[in-house]
Amino acid sequence: MTKRFLLIGQRDSVLDVLAAHSAVDLTGCIAIRGSHLERAAHVRGLPTVTVEPGEKAAALAAIESTAFDVLLSVGCPWKLPIARLRERMPDALFLNVHPSCLPRLRGAHPLNGAILNDEPRIGASVHVMEEEFDTGAVIAQRCIERTEELDLALLYAISRLLEAEAMQRALEKLAASDFTYRGTPQHGEPSSYTRRPEDMTCDATTTPSSELLRRVRAFGVSTQGCTVHLADRTVVAYDAQQITHPYLQERFRNAAPGTVLLRCDRNCLIRTLDGAIVYLKC
């Protein structure tokens with residue numbers, strides 16, 4: 001028996017999985033204008049209501065005027081009134097795809113938090129939506145180890161794969177139970193992360209090299225970046241690497257923290273508070 005799915009949000013990471021599953025009838029989506037979901041839905045010819053990021057009321061009106069069995073959020077930017085929606089649609093299932101291993105890294109920007117907080121794992125969770133963000137019972141998860149070579153851009157790309165795999169697992173569980181399965185409560189120590197301006201800046205004259213490297217890497221994509229205050233200027237860095245070459249260590253051993261040692265195209269070599277040499281890619 002198929003179930004009618006209505007998607008809402010911005011990401012298209014689970015669209016192929018849904019389209020290929022025999023238990024899913026994709027009835028349409030509510031997509032943020034300019035999002036991956038909007039573009040992918042149009043390519044597929046999927047009925048789509050397009051809303052601006054600030055048009056929460058329009059999105060809610062579209063939800064309440066559409067017949068569905070499962071509402072699936074994938075990057076929805078708003079807190080939905082789940083209690084009210086359940087009252088109006090008591091037989092519907094409300095699910096969310098979240099790019100972390102819940103209960104770790106609840107909130108809007110878990111992949112930034114994974115690097116900033118040095119999380120050991122990354123992943124994706126399909127869970128039941130509740131009034132509070134990312135707290136509902138987990139239908140399925142796909143989690144892997146996070147290693148240092150995975151920068152933010154790679155984490156975003158890998159996250160798409162993990163979301164699709166978690167969705168596949170969730171559909172298998174749901175279909176096997178005729179969509180009566182409601183998941184298991186989250187367990188473990190919860191955490192959350194949503195980007196803050198103060199996290200996306202640091203002062204090289206007062207910040208240890210390990211913290212500077214972590215902050216730059218945590219926001220290291222072209223649409224974000226970390227603002228680094230140096231002794232005589234400010235730059236926006238998208239990657240950072242500690243340099244240990246003995247010539248450079250000896251040549252600049254007396255440089256003050258925050259000093260630009262070398263300019264390299266748009267990038268720069270700097271000295272940090274604890275005497276390390278860091279290559280900022282700007």
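Visitor: How do the residues lining the largest pocket divide into nonpolar, polar and charged?
Guide: This is a predicted model. In the lining of its largest pocket, 13 residues are nonpolar, 14 are polar and 10 are charged.

Visitor: Which residues lie nearest the centre of that largest pocket?
Guide: Gln10, Arg11, Gly75, Pro99 and Ala108 lie nearest the centre, out of 37 residues that line the largest pocket. The space in this pocket comes to about 1000 Å³.

Visitor: And which elements give two or more residues to the lining?
Guide: Those elements are α2 (36-44), β5, α5 and α6. Helix α6 gives the most, with four residues.

Visitor: How much space lies in the second largest pocket?
Guide: The second largest pocket holds about 180 Å³. Among the residues that line this pocket are Ile115, Asp118, Arg146 and Glu148, together with others such as Ser210, Leu213, Arg214, Arg217 and Ala240.

Visitor: Let us turn to cysteines. How many disulfides does the structure hold?
Guide: The structure holds one disulfide. Cys101 and Cys143 form this bond, with their sulfur atoms 2.3 Å apart. The pair links distant parts of the chain, 42 residues apart: Cys101 is in the loop between β5 (93-98) and α5 (110-116), and Cys143 is in strand β7.

Visitor: Is Cys101 buried or exposed?
Guide: Cys101 counts as buried, because its relative accessibility is 5%, where the cut-off for buried is under 20%.

Visitor: On to the charged pairs. How many salt bridges does a search of the whole structure find?
Guide: The search finds 19 salt bridges. In general, side chains of opposite charge can pair when their charged atoms come close.

Visitor: Which residue forms a salt bridge with Glu64?
Guide: Arg84 does, with the closest N and O atoms 2.7 Å apart. The two come from distant parts of the chain, 20 residues apart, with Glu64 in helix α3 (residues 56-64) and Arg84 in helix α4 (residues 82-88). Glu64 is partly exposed at 28% relative accessible area, and Arg84 is partly exposed at 34%.

Visitor: What other residue is linked with Glu64 and Arg84 in a network?
Guide: Arg88 is linked with Glu64 and Arg84 in a network of salt bridges.

Visitor: What does Arg142 pair with?
Guide: Arg142 forms a salt bridge with Glu165, and their closest N and O atoms are 2.7 Å apart. Arg142 lies in strand β7 (residues 138-145) and Glu165 in helix α6 (residues 152-176), so the pair ties together parts that are 23 residues apart in sequence. Arg142 is partly exposed, at 25% relative accessible area, and Glu165 is partly exposed, at 34%.

Visitor: Where do Glu211 and Arg215 lie?
Guide: Both lie in helix α7 (residues 209-218), four residues apart, about one turn of the helix. Glu211 forms a salt bridge with Arg215, with the closest N and O atoms 2.7 Å apart.

Terms used:
Residues numbered from 1 in each chain as written. Predicted model: local features only at pLDDT ≥ 70, side-chain atom pairs only at ≥ 80, totals over all residues. Heavy atoms only, no water. Salt bridge = Lys/Arg side-chain N within 4 Å of Asp/Glu carboxyl O. Buried < 20%, exposed > 50% of the residue type's maximum accessible area, 1.4 Å probe, protein only. Disulfide = S-S within 2.5 Å. 1 Å grid on protein atoms, 1.4 Å probe; cavity = no way out; pocket = protein on both sides within 12 Å on 5 of 7 lines; lining within 4 Å. Points joined across faces, edges and corners; volume = space filled by probe spheres on them. Nonpolar A, V, L, I, M, F, W, Y, C, P; charged D, E, K, R; others polar.
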